[in-house]
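Q: Could you walk me through how to read a model like this one, feature by feature?

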Amino acid sequence: MQHDILDRYSRGSSPLHRLHSKAKVILAVLLLLFTISLHPGQWIACAAVAAILMLAALIARIPVSYLLRRMLIIEPLIVTMALLALFRPDGIALFLMTTAKANVCFFIIIILSNTTPFARLLDVARSWHAPAMLVNIIALMYRYIFVLADETERMQRARSSRTFRSGKRVRWISRSQIIGQTFVRSTERAERIYAAMCARGWK
Amino acid sequence: MHVPDGFLDAKTIAATGALSAMGIGMALRSGRKSLPPSRLPLMGVGAAFVFAAQMINFPVIGGTSGHLIGAVLVAVLMGPTAAILVMTSVLIVQCFLFADGGILALGANILNMGIVAPLAGYAIFTGVKKAIPGNLGIVAGAGFAGWCSTVAASLACAGELAVSEIAPWNTAIPAMANIHMLIGVGEAIITMLVVVAILRARPELIMSNASVNVPQRPVTIAGYILIVALALALFVSPFASVWPDGLERVASTLGFEHRAVTSASSPFSEYQFPGLSSALAATALAGVFGTIATLLLTIVIARLIIPRNRKK
């Protein structure tokens with residue numbers, strides 16, 4: 001299953017991958033702060049940030065085709081939300097700048113998540129004293145996203161191979177049942193995980 | 001409804017960040033006290049479950065498709081405190097892995113979809129469940145709460161965009177509200193169908209999780225109410241000052257969308273004399289009628305789909 005589209009290139013070996021993850025998080029946040037503070041018309045600054053990111057992508061050897069594909073997935077959401085800006089008096093400039101800023105910010109997050117494995121990001125959160133309970137939930141979640149995604153996909157395949165009638169009503173009901181079944185299996189899985197954690201000395 | 005980075009300004013980022021940090025802090029405090037340690041794996045797997053559930057697409061009109069948001073479903077299945085922690089985890093992972101929603105906008109997204117949506121939804125769910133006994137109350141309550149929480153979260157989101165001066169108040173709020181009153185219908189139906197499916201397969205999961213195992217302490221409840229009230233006061237109430245144009249449109253949409261009540265609300269939405277108070281009354285009444293119509297509709301649907309052979 002191809003869920004690695006999320007952070008396919010996060011485990012590379014370029015200088016950017018080897019950079020300390022804390023440094024990368026701080027750099028990313030600084031760049032984000034700089035980008036969101038830009039006003040309409042400051043195109044050069046916006047382009048400069050984009051150029052830095054292009055350079056980073058080149059160093060990290062992240063293919064342009066992959067970046068473009070990720071951009072295309074998110075673009076409709078950005079543009080739809082930016083459309084609201086058109087209702088303002090200075091609408092068109094604001095719309096263009098907001099779309100550009102949102103894309104640059106999106107680019108920053110993509111580069112961060114594709115040069116830093118998710119587990120390293122969690123280490124950064126731990127070292128900055130993020131609440132242990134929340135970090136543990138997120139770590140467990142990251143572990144089981146791929147398991148549950150596979151499981152629901154299997155159930156959908158099984159269901160569609162046994163469903164001979166089609167129609168919206170049938171599809172809504174059967175898909176809801178798959179979600180319900182996934183929850184039931186999740187609780188059962190959570191019980192097994194808890195037993196396994198206790199068996200290994202987790203308090 | 002995920003706000004990307006680049007939309008919110010510094011003051012909005014700071015305010016939403018502070019509010020959601022308060023909300024998460026309260027949930028963590030309450031979670032340490034009231035949730036047994038065996039709940040931790042369930043919250044982790046539960047967050048992964050929300051993620052997997054969001055991947056399943058439901059066909060809507062004309063080739064488009066939508067998916068579950070899940071805030072109310074999680075609140076109904078696991079209680080409000082766990083729902084805040086689960087939805088927060090989902091939003092954090094979506095932000096860093098999908099870049100769905102920005103890093104700086106994380107506070108706003110957590111506030112809208114991780115705090116306001118599950119808390120408002122859970123309050124409404126509990127109310128309906130108390131008023132209507134049995135499975136009917138659970139299913140109808142979950143559906144109605146799903147609709148309300150979607151609209152509430154979208155209002156908070158629109159308010160944040162308007163405070164950031166991206167969108168003007170009198171279009172942002174009505175536009176977001178109108179769209180999400182439709183999206184909310186889908187959310188309500190999926191939530192009801194999923195709850196029914198779980199009621200059929202393992203009824204004890206719903207009976208035990210939300211109502212018995214997780215007692216809510218009065219301090220926690222007061223804290224949660226405070227957070228939601230602050231969020232609405234900061235990001236939705238300024239709308240009242242740009243009142244006449246905007247809310248009227250919501251009113252007419254409400255009157256239009258729920259044809260069942262058109263006759264009842266039309267005298268108010270077509271008010272003849274100018275003045276703030278009459279517009280306010282018209283809007284409030286149209287809103288109330290629309291909401292009641294939605295509630296009645298969810299009860300009718302719930303009655304059609306609840307499992308018959310299993311009585312509580």
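Predicted model: local features only at pLDDT ≥ 70, side-chain atom pairs only at ≥ 80, totals over all residues.

Q: Which residues does Ala83(B) touch, not counting residues up to four places away in sequence?
A: Leaving those sequence neighbours aside, Ala83(B) touches Ala71(B), Val74(B), Ala75(B), Met78(B), Pro118(B) and Tyr122(B).

Q: How should I read a nonpolar core, and which residues have the most contacts inside the largest one?
A: The general idea first: in soluble globular proteins, nonpolar side chains tend to be buried together. Here the largest nonpolar core has 152 residues, and those with the most contacts inside it are Met141(A), Ala48(B), Val74(B), Ala83(B), Val86(B), Val116(B) and Val195(B). Helix 6 (residues 134-163) of chain B gives the largest share of this core, 18 residues. Domain 1 (3-123) and domain 2 (131-199) of chain A both contribute residues to this core, so it lies between them.

Q: What distance separates the centres of those two domains of chain A?
A: Taken over C-alpha atoms, the centres of domain 1 of chain A and domain 2 of chain A are separated by 31 Å.

Q: Now the interface: how many residues of chain B are in contact with chain A?
A: The size of an interface is often given as the accessible area lost when the parts come together. Counting residues instead, 57 residues of chain B are in contact with 59 residues of chain A. On the side of chain B that touches chain A, helix 2 of chain B supplies the largest share, 13 residues. The residues of that side divide into 44 nonpolar, 10 polar and three charged.

Q: Is helix 3 of chain B mostly covered or mostly open?
A: For burial, the cut-off is 20 or more other C-beta atoms within 10 Å. Helix 3 (residues 71-78) of chain B is mostly covered, with eight of its eight residues buried. Among them are Val74(B) and Met78(B), both of which Ala83(B) touches. After helix 3 of chain B comes Gly79(B), whose phi is positive, near 90°.

Q: Why is Leu28(B) called partly exposed?
A: Leu28(B) has 18 other C-beta atoms within 10 Å, so it is partly exposed. The place of this residue is in helix 1 of chain B. Within chain B, the C-alpha atoms of Leu28(B) and Gly137(B) are separated by 29 Å, and the two residues are 109 residues apart along the chain.

Terms used:
Residues numbered from 1 in each chain as written. Chains lettered and ligands numbered in written order. Domains from an automatic or database assignment. Core = buried A, V, L, I, M, F, W, Y, C linked by C-beta atoms within 7 Å. Buried ≥ 20, exposed ≤ 12 C-beta atoms within 10 Å, placed from the backbone. Helix = DSSP H or I, 4+ residues; strand = E, 2+ residues; numbered from the N terminus. Contact = placed C-beta atoms within 7 Å. Nonpolar A, V, L, I, M, F, W, Y, C, P; charged D, E, K, R; others polar.
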